[in-house]
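Trainee: I would like to go through how the labels on this model are assigned. Please start with the terms.

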Amino acid sequence: MSDYSSEGPSPSTDTLHAGPSSDESPWTLEGVSFIDKLGLQYSLTPEQLFDLKALHHLGSSLPGNLTSADLMTRVFVLACHFGSERRLHLALQSTQASSHESEGVNSLRGLFNELSIRLDDSFHLTKEQKMSIRRTCQDQIIYLKPLKAAYKDLHVAKKIRTNPGEYRMDNIFGRGPARKAQFVTDTKRISSNVRNVYRQDLRDSVIGSKQISLKKFIADCVTKYLRAPMSNNAEQLYVIQAVLLHRFAFENKSLLGEDDSSDSEDLIMDSTDAPSKKRKRSSPGKGKGRIPNGTDFWSQVDTWFEKLKEKYASEDFSSSAWKGFIEESHQLDQQRYDAFAADGSGSSTMTFTTAAVPNTPPVASTSTLPPQPPAFSRPPTSFALFDGLIQSQTRFSGLSA
């Protein structure tokens, strides 16, 4: 379109854009209007409009007497060609833009995935989450039913998994295995620590120079481990639990120095939760190192309850067989504390009889209590462990040493 015939004047840019003049001109209002409409219809560029006007100018000015219809037809054909080129160009631009956008999105997704992986690798539970684990474990160790569950298997992690939102742990479950593994690790450590602290509380209440009565032990534990008041049924069961744990602890003083082996599958504590201390054992001659599973204090407690349950063939503390054993244990504990309170030194000699306990050898203690009587009446304390159903006459808030 750039080579024009020498027989006619070549249109300049100014001439093409100027439109028809008052003098005789090949431009017509009809032609200019037609070209402008074609430009709008096909979304033509200024350069393409310039070429259409150049064609119209040439067809109007050169000899040959082209009719208006013939000239407009030629302009229309060229406009259609320009329109096809324009649509193809726009389609290519759109495809390229989509490709660049997709690459950008994929790159951004890859970056987020990389950040997520790195965050999982460095994930740690918050102090609030660890405190929730600790409180759940403390609740379970007090409310545990020893004839139906084990101290070494508190199922703390299982309880939290059932409703993670309640414990503010939604960011752990469903977010990959790394966070779950860290949660299980921390849960085991915290649970083991809670059991060890409870064992130490038991130890200090029955041996040494700071022994306390059963009533004070119960009151102290309820205050220390629970966040909310207990129901009447829960109180009654915990009184029995404390009586029996006191008896086992006194009869097995050699186990009171054995830390929890922390081998339970479902049951952990960061170094920030409690100061690091070296393990201490009350039994001389034992080497240092990890305690074999099943030989620690709480494993032996679980075994003891299993044997008693088999002996009495009942999982109900209110059965007649259990009533006698529990009241006997309660009276023995009362005698222990009365002797300690009278002597004050905790350096006497007494042996708990274990005739009612299967496969448990007698263990000599350091109490000055007299030999136990051959038969036991209801203990002369404010506790009536059995009165029809198991009852506790004393609320924990009013317990004292």
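Mentor: Buried means under 20% relative accessible area, exposed over 50%, and partly exposed in between (1.4 Å probe, protein chains only). This is a predicted model, in which local features need pLDDT of at least 70 and side-chain atom pairs pLDDT 80 or more, while totals for chains, interfaces and linings use all residues. Residues are numbered from 1 along each chain as its sequence is written, and side-chain values use heavy atoms, without hydrogens and water.

Trainee: Why is Cys80 called partly exposed?

Mentor: Its relative accessibility is 27%.

Trainee: What makes Cys221 buried?

Mentor: Cys221 has a relative accessible area of 3%, and the limit for buried is under 20%.

Trainee: How many disulfides does the structure hold?

Mentor: It holds 0, a disulfide being a pair of cysteine sulfur atoms within 2.5 Å.

Trainee: What makes the pair Asp201 and Lys224 a polar contact?

Mentor: Their side chains meet at 3.0 Å. A polar contact is a pair of N or O atoms within 3.5 Å; within protein, one must be able to donate a hydrogen and the other to accept it, and residues adjacent in sequence count only if both atoms are side-chain atoms. Therefore the pair qualifies.

Trainee: Leaving aside neighbours within four places in sequence, which residues is Asp201 in contact with?

Mentor: They are Phe217, Lys224 and Tyr225, where contact means heavy atoms within 4.5 Å.
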